[in-house]
Amino acid sequence: TWQMLAIYMVLAANLSEQQALKQACPCYASQVCNCSSMGLDFIPPGLTAKMTVLNLAHNRIKHIQSQDLQQAVNLRALLLQSNKICSIDEDSFQSLVKLELLDLSNNSLAHLSPLWFGRLFSLQHLHLQGNSYRDLGQSSPFSSLRNLSSLHLGNPWFSVIRQGNFEGIGLLHKLWIDGSNLSQYEQGSLKSIKEINHMIINIRDSNIFSEIVRDLLHSVSWLEVTEIKLPVEKKSLVQNSIRPFRIQKLTFKQAFFTDQTISQAIVLLKEITSLKELEAINCVLEGKGIWNTEEIARSGQSFVETVTIIKIMIQNFHLFFDLEGMESQINKLKRLTIASSNVFMVPCNLARHFSSLLYLDFHDNLLVNKRLDETICKGSWPSLQTLNLSQNSLKSLEQTAKYTSRLPKLNNLDISQNNFGEIPDVCEWPENLKYLNLSSTRIPKVTTCIPPTLEVLDVSANNLKEFELQLPLLKELYLTGNQLKTLPGAAPIPNLVALSVRRNKLNGFSKEAFEGAQVGTVHLSLMECHRSLVVSLICVLVFLVILLLVAIGYKYHMVWYLRMTWAWLQAKRKPKRAPPKDICYDAFVSYSENDSDWVENTMVRELEQACPPFRLCLHKRDFVPGKWIVDNIIDSIEKSHKTLFVLSEHFVQSEWCKYELDFSHFRLFDENNDAAILILLEPIQSNVIPKRFCKLRKIMNTKTYLEWPAGEEQQQMFWENLKGALKS
């Protein structure tokens with residue numbers, strides 16, 4: 001039965017190629033054509049000028065020919081990524097003058113031709129990464145792409161960039177180059193691009209990195225570099241370049257630093273006077289912080305104002321030195337983020353030199369209260385306004401408040417996701433604190449420890465059962481995810497503008513709860529406000545979904561497949577074929593009621609009155625009364641030596657003839673025999689055969705069938721051939 005199951009699933013799921021293409025890839029009357037992940041090895045025919053989006057990604061297409069896209073003149077987006085494209089005719093894209101997005105990434109293109117892009121005057125986004133080309137040719141493939149905004153190219157084999165490769169490109173919003181194995185870069189190659197807002201380059205060769213930086217000083221705003229090992233060389237990055245420079249932000253991702261290379265990099269990067277922001281994300285630092293601070297100090301003042309370090313890996317981070325001697329390099333810094341990097345303290349002497357720092361983010365580190373006392377010592381961080389200490393290991397709220405009170409200008413403090421557990425009655429806070437985040441700190445209540453100067457307070461996701469604090473300046477209060485059964489009183493917080501009380505245990509509230517305060521906007525879910533209405537809407541929605549499924553099922557003949565599934569489940573419990581002693585008929589006859597006159601008065605008389613006579617099974621005469629018709633069909637086919645199909649245009653319009661054809665098809669494939677005999681009673685035009693009769697087309701293409709002739713002489717030969725087929 002498992003063989004029958006496999007065969008049924010194949011037959012039910014795999015319609016004819018043309019039918020499947022039209023159903024799964026509706027390209028013929030729609031503006032958007034989605035043919036992705038269909039196993040296609042060709043671009044579907046019949047594309048029209050109506051189409052604006054064509055998605056052929058994740059198929060097996062190898063070649064793009066001149067005529068494939070010729071009619072799709074209004075195409076705006078063409079997605080061909082993740083195929084096996086190895087060749088493109090030179091004029092394949094010639095008619096796509098309105099194309100704005102072309103994705104050819106992750107294919108097998110061994111070279112790039114300028115002729116492909118010659119007529120793509122509207123193209124804005126071009127993706128060519130992940131192919132197998134080693135260079136961009138001797139000239140520029142992009143010279144005609146005057147409107148190009150983003151370009152993504154390169155691959156593991158990409159090794160050469162030449163002068164002139166980017167001629168014709170004036171402005172790019174984003175340039176992404178996978179140059180992990182780039183070994184040759186001709187100086188000046190990227191200078192032809194006058195302006196690049198964001199450039200990402202994957203590069204390992206530090207010398208080539210230096211050459212590229214020199215070419216980009218006047219064009220790139222944000223340079224992002226991945227997988228690089230920083231150079232030890234002392235050659236200037238700016239050399240004789242004329243100021244002002246344009247580059248403002250430099251990001252390193254998955255880069256590798258040592259104490260020596262990071263010291264040299266700090267010195268070299270100071271020469272880029274326009275550089276205001278440095279980022280290091282998912283990088284590795286091999287060393288203990290023994291930097292050449294004397295050389296760094298001699299090189300002058302840094303112009304960088306923002307430093308972001310996220311997930312830096314320092315082996316033996318607990319042995320890292322205190323960076324003594326770096327004090328002169330940090331006094332102009334305004335924003336510092338060191339997150340997810342195992343920071344457990346900052347030496348007091350170093351902290352006191354962050355004289356201009358306004359924003360400090362130490363979230364997701366290893367700070368504890370004892371080390372926080374050293375990190376926020378008296379006189380440290382004198383200008384700090386915003387401090388984020390969330391997701392650390394702080395245990396005492398009283399001590400945390402006391403240490404932060406040493407920051408005279410602090411007005412924004414986030415100490416969420418620390419495990420305080422308890423809250424004292426009195427705390428000492430910064431005098432000007434306006435924003436305090438105490439969410440997810442496991443405090444069981446709120447006390448007068450909360451400073452009265454606050455304008456915004458977040459105590460979400462704790463275990464609060466009530467909120468009765470007097471906070472006269474408070475404007476926003478967040479109480480989401482607590483155990484509140486009543487609203488906070490309005491009088492103690494008269495200036496409240498926003499209140500969040502989602503996911504509490506509130507059952508309702510009255511006008512008195514607001515004590516005359518007018519509520520402007522309320523953001524409550526429908527379930528919270530109109531439970532009965534929501535239930536009604538859900539019921540209506542479920543009904544509409546069922547109605548939609550019924551409509552889809554009717555359109556795509558799902559009812560028929562369900563019937564077939566039930567019939568197959570009934571049939572699979574029976575033997576594959578009745579034993580010889582149970583064979584009752586020479587043939588089961590499948591025919592349309594409209595052809596009954598020929599079958600019953602001509603064929604039956606000729607065969608059943610032959611010598612010896614043939615035993616035929618006809619549904620009118622031999623089906624068991626009261627038995628389900630599908631069971632009758634299955635039993636009759638199983639108890640017949642052959643199955644005889646009388647084909648006509650009436651036959652292909654009959655639902656029951658379709659069942660009989662399918663059940664016979666199971667037996668044909670399961671036993672690998674020749675049980676089906678086809679009689680073509682009249683010529684059948686292919687356009688009248690319904691889509692679901694794909695197996696009939698297949699049988700007619702693979703089996704010889706008998707045609708009923710018009711002349712009496714040929715009819716005698718017809719009967720002889722039919723009798724011979726029944727005896728075989």
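**Note on the predicted model**

1. Beyond its neighbours within four places in sequence, leucine 151 is in contact with Leu126, Leu128, Phe142, Phe166, Ile169, Leu172, Lys174, Leu175 and Trp176. The structure discussed here is a predicted model.

2. Leu151 belongs to the largest nonpolar core, which has 141 residues. Along with Phe93, Phe166, Met199 and Trp381, Leu151 touches the most other members of that core.

3. The secondary structure comprises 17 helices and 32 strands. Among contacts with a separation of 6 or more, 61% join residues 24 or more positions apart.

4. The UniProt record, an unreviewed entry, places a "transmembrane region" at residues 533-554. In the model this span is 100% helix and 0% strand, and its end C-alpha atoms lie 31 Å apart.

5. How do helices α12 and α17 pack, and at what angle? Helix α12 covers residues 596-608 and helix α17 covers residues 712-727; their axes are 11 Å apart and meet at an angle of about 70 degrees. Angles of 65 to 115 degrees count as roughly perpendicular, so α12 and α17 are roughly perpendicular to each other. From α12, the contact uses Trp598, Thr602, Met603, Glu606 and Leu607. From α17, the residues are Phe718, Trp719, Leu722, Lys723 and Leu726. Seven residues of this contact are nonpolar, one is polar and two are charged.

Conventions. Residues numbered from 1 in each chain as written. Predicted model: local features only at pLDDT ≥ 70, side-chain atom pairs only at ≥ 80, totals over all residues. Heavy atoms only, no water. Axes fitted to C-alpha atoms, helices over the stretch in contact; angles between N-to-C directions. Helix = DSSP H or I, 4+ residues; strand = E, 2+ residues; numbered from the N terminus. Parallel < 35°, antiparallel > 145°, perpendicular 65-115°, else oblique. Contact = heavy atoms within 4.5 Å. Nonpolar A, V, L, I, M, F, W, Y, C, P; charged D, E, K, R; others polar. UniProt positions renumbered as here; feature names shortened; annotations may be inferred. Core = buried A, V, L, I, M, F, W, Y, C linked by side-chain atoms within 4.5 Å. Buried < 20%, exposed > 50% of the residue type's maximum accessible area, 1.4 Å probe, protein only.
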